[in-house]
Amino acid sequence: MVYTLVCTLYTLDDPACIQKVKNKLIEASRIYSQDKETLSWLVMQDVKDPRMFKVVERYQEEGSQKYHLANPYQKTFDPWVMPFLAKPIEVLRHEELDTSKDVEVE
């Protein structure tokens with residue numbers, strides 16, 4: 001079962017902060033996408049509110065997140081990004097539904 005995290009980052013109302021966070025997320029995606037058992041580490045910016053970013057982290061299973069957390073980059077990411085955020089990072093945890101088989105809808 002694919003284990004997915006959806007994280008929301010909301011920056012300070014400053015174009016320089018927005019650009020810094022955007023660049024940091026791009027860098028993080030390029031690094032974290034290489035972690036063992038990471039299926040994808042996607043970053044997005046809201047089309048109406050440039051201060052809002054979403055990160056979708058997809059892992060083979062919940063335990064796969066240990067490789068992400070063990071990545072040395074992880075120790076530097078939060079301390080770097082937090083001063084540029086207007087509020088704490090929101091993290092939602094999900095298990096993706098298995099869509100590989102037909103289902104009957106009544």
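**Exercise 1.** In which helix is the place of Tyr73?

*Solution.* Tyr73 belongs to helix H3, helices being DSSP runs of H or I with at least four residues, and strands runs of E with at least two, numbered from the N terminus. The model is predicted: local features need pLDDT of at least 70, side-chain atom pairs count only at pLDDT 80 or more, and totals for chains, interfaces and linings use all residues. Residues are numbered from 1 along each chain as its sequence is written, and side-chain values use heavy atoms, with hydrogens and water left out.

**Exercise 2.** Determine whether Tyr73 is buried or exposed, and identify its contacts.

*Solution.* Step 1: Tyr73 counts as buried because its relative accessibility is 12%; buried means under 20% relative accessible area, exposed over 50%, and partly exposed in between (1.4 Å probe, protein chains only).
Step 2: Neighbours within four places in sequence aside, Tyr73 is in contact (heavy atoms within 4.5 Å) with Lys24, Glu27, Ala28, Ile31 and Tyr32.
Step 3: The side chain of Tyr73 makes a polar contact of 3.3 Å with that of Lys24 and one of 2.5 Å with that of Glu27. A polar contact is a pair of N or O atoms within 3.5 Å; within protein, one must be able to donate a hydrogen and the other to accept it, and residues adjacent in sequence count only if both atoms are side-chain atoms.

**Exercise 3.** Identify the buried and exposed residues of helix H1 and what covers the former.

*Solution.* Step 1: Cys17, Ile18, Val21, Lys24, Leu25, Ala28, Ser29 and Tyr32 are buried in H1.
Step 2: Pro15 and Arg30 are exposed on the other side of H1.
Step 3: The cover over the buried residues of H1 includes strand S1 (3-10) and helix H3 (72-81).
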